[in-house]
Amino acid sequence: MQDALTSGHLTLNKCDVAGSSGGLVIGSTSKISVITLKLDNSKEGDYILSFMSGAQDLTATVKVEVTSGAYKVSKDFNIENTGSWTPISFHCMELNNLPSGEVTMTLSVTSTTGKYAGNYGKFCVVEASSYDQISDIDLSKGDHYIARYEEKNNNVGYCRDGATAAYMAYNSITGDATINVGLTFSSPGTITVTVSDAITETVELTKELKITKDICKGYNTPTPFPLGNLTQGLKIIKFTMATAGKYLCNYANLGISVVPPSFDAEVGQTGFATIGFPYATTLPAGVTGYAVTGVTNTAVTLTEVPSGTNIAANTGLIIVAKQGSYTFPVVESGTEIVNNKLVANTEGVKTATTEGEFYVLAVTNEQTKTVGLAKIAQNGTLANNRAYMPESVIPKNVPAQPATFRLVFGDATMVTEVGDGDAEAVETVVYNLAGQRVNDNAKGLVVVKGRVYLKK
């Protein structure tokens, strides 16, 4: 469907095969055929392996296995009856973190309904980033039926009833998708858009675009159509046109914009909360994170994660901030926190099957409003996108499972409470969380009389 699918360079039986010239077609495969290809990979990274198949009056299944040293990935493919031996059906698989060096690809026929098992060709391995990106789809790489392609203006014209067009592009981040397309009007009708995942071959989104004169603003003024949530990965976008007139429309400048999701977290009067999101995120301004990196008989030790830090997906943290609501944007990647005992809850409301199955953030002393980690009650629950400490991380030398753990900031062995920075308590010696004395005008988290305060 696009040039990137046939631009790889593979070695077959020590003969160079340049995919850009059409690729080698391997035919007359039988029930026991095994095809082996070798590739010298110069750079470690995320790749996509693709190939085409054609089968006449039969269906088959094949297994593709890719190995490189200790690296091993495999996938089973269903080979459909295309009515022709010419390879026209597209197949692909992800090769994430493919190492550099010699790579071996083996295609093995596992079953067939006929004497043969199909013809195969256009084998290719390319970096995922080399595909068209979902935000900017090259129309010259599409497949069209009953729709004329205008190369000079990079648009598709004279789309009539029953016309189809298909494109392939890579989506780099999951989020809410909107298709944007420049339209010129001929007759009222519809374009049915389906977005399929090229790896899993499942349809993710279907949207019917109503084409009317008033929404067609010309090639250079794209009309937006919300599609829904689109996952990361290689996608196939298919247009199917329908109209009561002779022609439906012309279109150009096709692209899909994807807005990644974000998460909100509420920090109450205590100034403490927990977070744990399924995507990498950034700690927003005014929010300091803490990982639990040590557990003793009565306390847990916290390690600071500063505001502005990108943290990896599924990272559980305690956060400290002024009371209010904070938005955590999704980012492409973040830092893994070594030895973090907190676990992110990203699968909905979590219910404890037994008492003490895990510990959650709670007020452990109502009089002083001290915050710590408390043992969950049987059938107790934890909301989605929060964090907890599993009972399993408590060292075996702890004599009994404590009801609560106090929070210890680094080397400071104080009970923690976030108070109002204007309170009269902040009048004596003031320390920062590293235990260093600071002046009375210091802002942020400070320690006074063994408690942590948020000075405003």
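Buried means under 20% relative accessible area, exposed over 50%, and partly exposed in between, using a 1.4 Å probe and protein chains only. Keep that handy while you click around. This is a predicted model, so local features need pLDDT of at least 70 and side-chain atom pairs count only at pLDDT 80 or more, while totals for chains, interfaces and linings use all residues. Residues are numbered from 1 along each chain as its sequence is written, and side-chain values use heavy atoms, with hydrogens and water left out.

Start by colouring on pLDDT, the predictor's confidence in each residue, from 0 to 100. The protein chain averages 82, and 83% of its residues reach 70 or more.

Now select residues 1–23: pLDDT stays under 50 there, and the model has 61 contacts (heavy atoms within 4.5 Å) beyond four places in sequence for this stretch. Jump to residues 411–427, where pLDDT also stays under 50 and the model has 49 such contacts.

Next, the cysteines. Pick cysteine 124, which is buried because its relative accessible area is 1%. Cysteine 159 is buried too, at 0%. Which cysteine sulfur is closest to that of cysteine 159? The one in cysteine 249, at 4.9 Å, too far for a bond. A disulfide is a pair of cysteine sulfur atoms within 2.5 Å, and by this rule the count is zero.

Last stop: aspartate 197, in strand 15 (residues 189–197). Strands are DSSP runs of E, at least two residues, numbered from the N terminus. Aspartate 197 counts as buried because its relative accessibility is 8%. Show its neighbours: leaving out residues up to four places away in sequence, aspartate 197 touches Thr202, Glu204, Thr231, Gln232, Leu234 and Lys235.

Definitions and conventions
Helices (H or I, at least four residues) and strands (E, at least two) are DSSP runs, numbered from the N terminus.
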